[in-house]
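Please open the model in your viewer and keep the selection panel at hand.

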Amino acid sequence: MSRILMILTSHDQLGDTGRRTGFWLEEFAAPYYVFRDAGHDITLASPKGGRPPVDPTSTLPQMQTDSTRRFEADDAAKAALTTSIPLSEVDVTEFDAVFYPGGHGPLWDLVDDPTSKQIILDSDAADRPLGLVCHAPGVLHAIKKQDGTSFITDRSVTGFTNGEEEAAGLTNIVPFLVEDSLKEAGARYSKGPDGDNYVVTDGTLVTGQNPASSADAARRLLDLLTH
């Protein structure tokens with residue numbers, strides 16, 4: 001059994017629109033059950049601790065999947081989600097892998113969170129498998145290595161596309177576009193068709209493009225743990 005740290009956003013405001021955001025339910029639920037069904041121990045963390053906010057759009061009926069329906073019927077999982085530990089209390093050396101669900105929230109808080117940045121740098125240095133899906137890969141563009149160079153330069157990644165953001169109607173609301181930010185930071189960004197499952201692995205770094213990629217990204221992370 002491995003110990004997996006899942007890091008969720010604490011941010012719940014969609015810019016100055018007055019609308020709420022947070023993490024995307026499918027991107028949490030699908031990986032959560034991939035990890036749990038494989039027998040692994042899961043710890044949930046967020047910048048502020050407590051219950052991370054869920055994006056209300058991701059709870060709409062048309063957004064539901066087998067994993068989200070399973071979560072809604074899982075009292076133990078719902079209870080665990082109310083008690084995420086603050087990132088400041090996390091010792092990443094106690095974990096075998098780290099996974100970041102997406103949603104728009106990370107674009108506002110995790111992108112600038114110093115503890116999150118250090119967890120990513122330390123995990124990469126230790127060859128600890130690190131997975132990020134949908135909007136979460138966008139946090140990578142802001143991370144600098146000790147020598148001042150971009151963490152993501154010449155790394156192969158994917159993440160929520162400009163087209164997917166346009167389809168969501170939030171191109172002019174988000175603080176930055178994931179696809180553009182990764183390209184500008186020097187990453188080797190690639191993508192599949194909008195809305196389709198697309199996952200990229202670069203060493204121990206796994207990135208998924210969108211909600212449909214979240215379960216496969218989690219499985220890729222587990223593959224790295226067993227090889």
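In which sense, left-handed or right-handed, does H1 cross H7? The crossing of H1 past H7 is right-handed; a crossing is called left-handed if the near helix is turned anticlockwise from the far one by less than a right angle, and right-handed if clockwise.

Before the first selection, note that this is a predicted model, in which local features need pLDDT of at least 70, side-chain atom pairs count only at pLDDT 80 or more, and totals for chains, interfaces and linings use all residues. Residues are numbered from 1 along each chain as its sequence is written, and side-chain values use heavy atoms, with hydrogens and water left out.

**First stop: the helix pair**

Select residues 25–37 for helix H1 and residues 214–225 for helix H7. Helices (H or I, at least four residues) and strands (E, at least two) are DSSP runs, numbered from the N terminus. The axes of H1 and H7 are 8 Å apart, and the angle between the two helices is about 35 degrees. Axes are lines fitted to C-alpha atoms, for helices over the stretch in contact, and angles run from 0 to 180 degrees between N-to-C directions.

Now show the side chains of Glu26, Glu27, Ala30, Pro31, Val34 and Phe35 in H1; their partners in H7 are Ser214, Ala215, Ala218, Arg219, Leu221 and Leu222. Contact here means heavy atoms within 4.5 Å.

**Second stop: each helix in turn**

Colour H1 by accessibility: eleven of its 13 residues are buried, where buried means under 20% relative accessible area, exposed over 50% and partly exposed in between (1.4 Å probe, protein chains only). Beyond H1, select glycine 39, which has a positive phi, near 90 degrees.

In H7, the buried residues are Ser214, Ala215, Asp216, Ala217, Ala218, Leu221 and Leu222. Their cover includes H1 and several strands, among them S1 (3–7) and S4 (97–100).

Display the seven strands of the open sheet, which follow the order S3-S2-S1-S4-S5-S9-S8 with mixed pairing. Strands pair if DSSP finds at least two bridges between them. At the edges lie S3 (85–86) and S8, each pairing on one side only. H1 packs on this sheet, touching S1, S2, S4 and S5, and its direction makes about 175 degrees with that of S1. H7 lies across S1, S4, S5, S8 and S9, at about 170 degrees to S4.

Centre the view on S1, which is largely enclosed by the rest of the structure because four of its five residues are buried. S1 pairs in the parallel sense with S2 (residues 41–46) over five bridges, and three bridges join S1 to S4, also parallel. Select methionine 6: opposite this residue stand leucine 44 in S2 and phenylalanine 99 in S4.

**Last stop: asparagine 162**

Asparagine 162 belongs to helix H5 (residues 162–168). Is asparagine 162 buried or partly exposed? With a relative accessible area of 23%, asparagine 162 is partly exposed. Leaving aside neighbours within four places in sequence, its contacts are Thr171, Leu177, Glu179 and Asp180. Finally, select glutamine 62, 100 residues apart from asparagine 162 along the chain; their C-alpha atoms are separated by 22 Å.
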